[in-house]
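Hi,

Here's the structure I promised to pass on to you. Have a look at it first, and then read my notes below.

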Amino acid sequence: MDKKRNFREIEKYPDKIKELFDEVIRDESLDMWADTFDIEIIDGEKIEVIYHGTESIKSFKKECKKILASCIYSVMGVGTKFKISQKRGAIVLSAETRKNIKALKFFVIGMVFVCIATAVIVVMCNYIGNRNFRETFYSVSSIKVDSSIRVIQLSDLHGSSYGKNNTKLLKRVEALEPDIIICTGDMVDSVKEETDYAVNLAKGLSGIAPTYYVYGNNEAEDIYDFPLNEKELDNKFGFNKDNRDETALLKLKDPYEEKLEGAGIKVLKNEKDTIKVKTMTVDVYGVLTSNPSCFWSYSENAFGSYVNENKDNFKIMAVHEPFIFEEFNPDFWGDLMVCGHTHGGVTRVPVLGPLFTVEGGLFPERSGDFVYGRYDASGRPLIVSSGLENSNVFRINNQPELVVIDINKF
Amino acid sequence: MFTDILQKLIILTVGIIFVSSAAIIFFRQKNVNRAERTQIFKTAEYLNAWIILICFVTTIVYGIFNHFELKKTVHAIVSLNYSEASQALNSNGTRYNMAEIICDEVVERAIKKGALEDVTVKQLKNCLVVYPCVQGGVGDESQYHISTEFAVQYYASKDTAHLDSENVIKLITSSYKEYYIEKYTDNFSLDPEKPDFTQMEYMDIVSYFEKETQAILNYLYGMSEKNPSFVTENGSTFNSIAGKVYQFKETQIDQNLRSLILQNGIVRDRDEYVDRLSYQNKNVDFDRQKNEASYRLCNEAIDMYSEEMTRVVLVPTWDQAGKYYMGRTKVGVDELSVMATNFSNYVASNEKEIMDNNLVIDKIASTGQDTQISSVDTLIDSIYESVKGFEKEAITAGREYSRHRMNQCIAVSIYGISIMGELKTLILFAAFVYVSLVLHHISKKFPKKA
């Protein structure tokens, strides 16, 4: 071999070797080995074949070493030294492994597809299921009643409809023959835009049984134009802790209340109403300032008179949000408390429970929040409704509910 | 029904694959030698993507059907908490009958309470089963068991498939509780209607109050007999309340009100009331004459009784402790003497009533001025309020005692779908499908011929 071959000539050797190799393998049906290696010339005289194919280097050597040698010799002269090495870091997979990888890919894609399909089916089924509401029955006992009293609670409708003008809902409420109906707020999203909706519903309900309505955060903020908490209330009326007047808020004009009461239902704003049910007397107290910051400062007297007067009466406390029950622990709230607001945590995960509330974050029940169902508040039953709103697609495993509470003497 | 069929169809399909594959392997194994057979099992693709995917999909589909199927079945445990339950008795001492949990009346109540549509009592009842949670034996005494817990199981049928199973069982159990309370427990209620005293004669008002207070006293004495030491939340006992009521009756009603009315001869319609009392006296006098005649007749019969027939007859008998004694039997003359005494008492009572009425008539006739009417009306109102107060106090005490004794009467726990149970079923099913598919895959590798 002429050691003084010029540099330009040497530079062309790898390509020439490859061209020659490609021709030979085409003739011998070994196409699979084409473009599986690079050639480097070391010190102008030695050849290094760097294999980077997917087959093992052993197979490559077995099949191609002789062909490569003849190609190299024909280009660079017989006896040229060469070695075959594998590219560093290259992963070499066997045919079986590649087949398994392909199967795995297929499997993973299949699984992902099945999971997505299942999720879509679940969401769709839930959405369709949520077009209808279920009835949840609770049984409560009290020494104060002689015979059964039935209370029906509607909560968090947010303007949803069950049948035209809620006829389906009203029909069921009527069929269940309640003694008292309580709406625990957020029946509409916007008081100004949905007054007719609320009035129609109120008319329907008041024709069935005595009906009470407690404002939720949606109604209250829409009517008063500010959130009902202690700071905002103090600012609004210029009060401080020494001169607060509980009745100031109640004196504000409320056309929504007028319309509802015109439809035959009673709006309870930090006040109680007493009615006779069969031979029993029942006090229903509705909370307007349900934010814990202003509950005592803006309704202590009203609440006190409800609790302390006529202690033999069966006492029901209706409030939109359950936060006061989480925050405070007086001796007595009432014989039965009903509330809503939480939407039952929107999605209910089997075993783990409610998924999310705005105030409690993820899995709020685990941190002791009252989210859905029956709880104990100062030794008496507290029912938190998941509400009747039905337009949320994320409301999964949590069908809208109509709460039916039967009160018995034992 | 539809889900039931599909669920069974899935299980059947997988079962057929399992059985046929196993059969193929069994019959074709003779076509290969031991080494080949081992080779087939060794080289089988146990993690074949298709197998796993089909297994996953089938399990999901089965899981959905299974979930709907499980939703049809709910059961509840009804626990009897009152003390008599351990003797298989109702709280009023009658024999307990678990079949009442799903009797027609309870089921009918449940349908009405839940406003359940398109279902009859018979259809719903056919879906319900009740049985004791722990069942004893009849072999020997050690096997006897009185269950105080009963399971009620509901399985939805084609006719009741549209109903929410959990609600149905809740309604059945709460209706049973209501039924039980109405039928077997103490019932207390206040008479809510105040009588129109302006339409009643004053002496009738006195009688009304006496009757009311006596009813309260009877109730309190009855309760006191059941548990004399029971103390209410405000520290009273039945006897202490009864003492107050008795004293009130004696002083306010009998002494104050009655005396005030009689002393002043207060009456709404003098003539009519006098006529009424006179007519009453005539009736009572008629009774008195009858009783007097009967009394005389009894005495005559006793005189006529032969002395030989009055001998004492002693009969050997034994008392409750099992000890013998000689009992004296009654003879005819004993019965006659008892009757004579009774008639004599009746006569005395009739005479007293006539005298009382005459006294009232005399008083009304002699005074005749109603100057004290307003003070009597005030007293009547105040007595009425007090009587109602006692009634309320007695009923509250009774309710407290009843609640204490009944210990919530009946407790109900409802058991619906268990997520863990469903998961277990799904895991078992997935394993079954996987084994079937792998067997099927392996069976294809066995040659048909040797």
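This is a predicted model: local features need pLDDT of at least 70, side-chain atom pairs count only at pLDDT 80 or more; totals for chains, interfaces and linings use all residues.

Among the residues of α11(B) that are buried you'll find B:I380, B:V387, B:F390, B:Y401 and B:M406. I also checked the length of this helix. With 34 residues at 1.5 Å each, α11(B) should span 50 Å, and its end C-alpha atoms are 48 Å apart, so the two agree.

Next, the place where the chains meet. Chain B brings 26 residues to the contact and chain A brings 25 residues. On the chain B side, α3 (49-70), α6 (165-184) and α11 (373-406) each supply at least two residues. Which of the elements gives the most to that side? That's α6(B), with seven residues. If you sort the residues on the side of chain B that touches chain A, you get 15 nonpolar, four polar and seven charged.

And what does α6(B) lie across in chain A? It lies across β4 and β19, running at about 30° to β4(A). Both strands belong to an open sheet of six in chain A, with the order β4-β19-β5-β6-β7-β8 and mixed pairing. β4 (134-141) and β8 (266-267) of chain A are the edge strands, so to speak: each pairs on one side only. Further in, β5 (149-154) and β19 (401-408) of chain A pair in the antiparallel sense over five bridges. There, A:R150 stands opposite A:D406 in β19(A).

Cheers

Conventions. Residues are numbered from 1 along each chain as its sequence is written. Chains are lettered from A and ligands numbered from 1 in the order in which they are written. Two residues are in contact if their C-beta atoms, placed from the backbone, lie within 7 Å. Helices (H or I, at least four residues) and strands (E, at least two) are DSSP runs, numbered from the N terminus. Ala, Val, Leu, Ile, Met, Phe, Trp, Tyr, Cys and Pro count as nonpolar, Asp, Glu, Lys and Arg as charged, and the others, Gly among them, as polar. Two strands pair if DSSP finds at least two bridges between them. Axes are lines fitted to C-alpha atoms, for helices over the stretch in contact, and angles run from 0 to 180 degrees between N-to-C directions. The expected span of a helix is 1.5 Å times one less than its number of residues. A residue is buried if 20 or more other C-beta atoms lie within 10 Å of its own, exposed if 12 or fewer, and partly exposed in between; C-beta atoms are placed from the backbone.
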